[in-house]
Amino acid sequence: MDLFDLTGKVAMVTGSTRGLGEVFAKALAKAGADVAVCGRNPKDLERVPAEIQAMGRNSAGFELDVLSKEKIKRGVEQILNHFGHIDILVNNAGTNYRVPVLEYPEEMWDLIINTNLKGYFLVAQAVVPQMIERGYGKVINISSIFGKTPLPHQLAYAASKGGVNQITKVMALEWAKLGVRVNAIAPTYFETDMVKQIRNDPERFNFINERTPMGRWGYLHELEGTVIFLAAPASDFITGQTIYVDGGWTVW
Ligand SMILES: NC(=O)c1ccc[n+]([C@@H]2O[C@H](COP(=O)([O-])OP(=O)(O)OC[C@H]3O[C@@H](n4cnc5c(N)ncnc54)[C@H](OP(=O)(O)O)[C@@H]3O)[C@@H](O)[C@H]2O)c1
């Protein structure tokens, strides 16, 4: 058995039309998986699967807004019709909004929590039953360093990611004897649209570098090994864990 081989496995990645989700989707394809690309942007729902097909894998795009239980249900049904099953779920779709606590608008709190936390639970609820039926599955929830060590202005985001770490444990406990492993990846800063403003502000960019023991942001390819590891047989006895890919950010 190749410990890191995903040939024949089907992975579903929410929010994989750009950013880290696209990186996770392509990393899993590199390791052999077929990939259901999920998101909201029709152009990227064609582009990303086409690029994965060019890698020799089966891939297709599915409209799936994690804010709508109805759309989640429909999207998951379409994925199951197309691929037959889902072995790997990466809960990745997320968003952020940064202002001080006293100015934090209630509607932005709701948007962040509903996308980053409730969305993960609703997608897992739609996908995991067929994993349990087949006695095998991997759920990978994308958390953040802010789930453990936040910064100011990250009220709802830090709450959502702390919540992701906890729902990861609850899901892991409930499904541990049913063959479904549930773990989280908590990245530091990686250059995507979500953090573009910070990347383009020299003061904030350098603050992140100086705050990080390894002295820099992450490179996108540095997330590939962790997602492949957690999706692959190599991690079959690991569940309920959050792995920090953070250059040491959460060490101090
Ligand atoms: N970048 C970082 O430094 C960093 C660090 C730690 C954790 N993370 C986490 O990594 C994940 C991805 O972040 P990112 O940096 O790649 O962000 P991004 O570049 O802003 O991309 C976000 C992705 O999520 C999708 N999305 C947002 N709301 C959605 C919804 N309601 N339904 C379906 N899809 C939705 C977006 O789709 P659309 O194109 O349709 O908007 C997009 O594909 C998030 O969970 C984030 O918290 C990121």
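How closely do the axes of helix α3 and α4 come, and at what angle do they cross? Select residues 69-83 for α3 and 106-134 for α4: the axes come within 9 Å and cross at roughly 30°. (Axes are lines fitted to C-alpha atoms over the stretch in contact, with angles from 0 to 180 degrees between N-to-C directions; helices are DSSP runs of H or I, at least four residues, and strands of E, at least two, numbered from the N terminus.) Angles under 35 degrees count as roughly parallel, so α3 and α4 are roughly parallel to each other.

Before going on: this is a predicted model, where local features need pLDDT of at least 70, side-chain atom pairs count only at pLDDT 80 or more, and totals for chains, interfaces and linings use all residues. Numbering starts from 1 along each chain as its sequence is written.

Now show the side chains between the helices. K69, I72, K73, V76 and L80 of α3 meet L122, V123, A126, V127 and Q130 of α4, contact meaning C-beta atoms, placed from the backbone, within 7 Å.

Next, pick the ligand. Its shell has 28 residues, with G15, G19, R40, G94 and T192 the closest; a residue is near if its C-beta atom, placed from the backbone, lies within 6 Å. α1 (19-30) and α4 each give two or more residues, and α1 has the largest share, three.

Last stop: H153, in the loop between β5 (137-142) and α5 (155-175). Its phi is near 75°, positive in a residue other than glycine. H153 counts as partly exposed because it has 15 C-beta neighbours inside 10 Å, between the cut-offs of 20 or more for buried and 12 or fewer for exposed, with C-beta atoms placed from the backbone.

Definitions and conventions:
Parallel < 35°, antiparallel > 145°, perpendicular 65-115°, else oblique. Contact = placed C-beta atoms within 7 Å.
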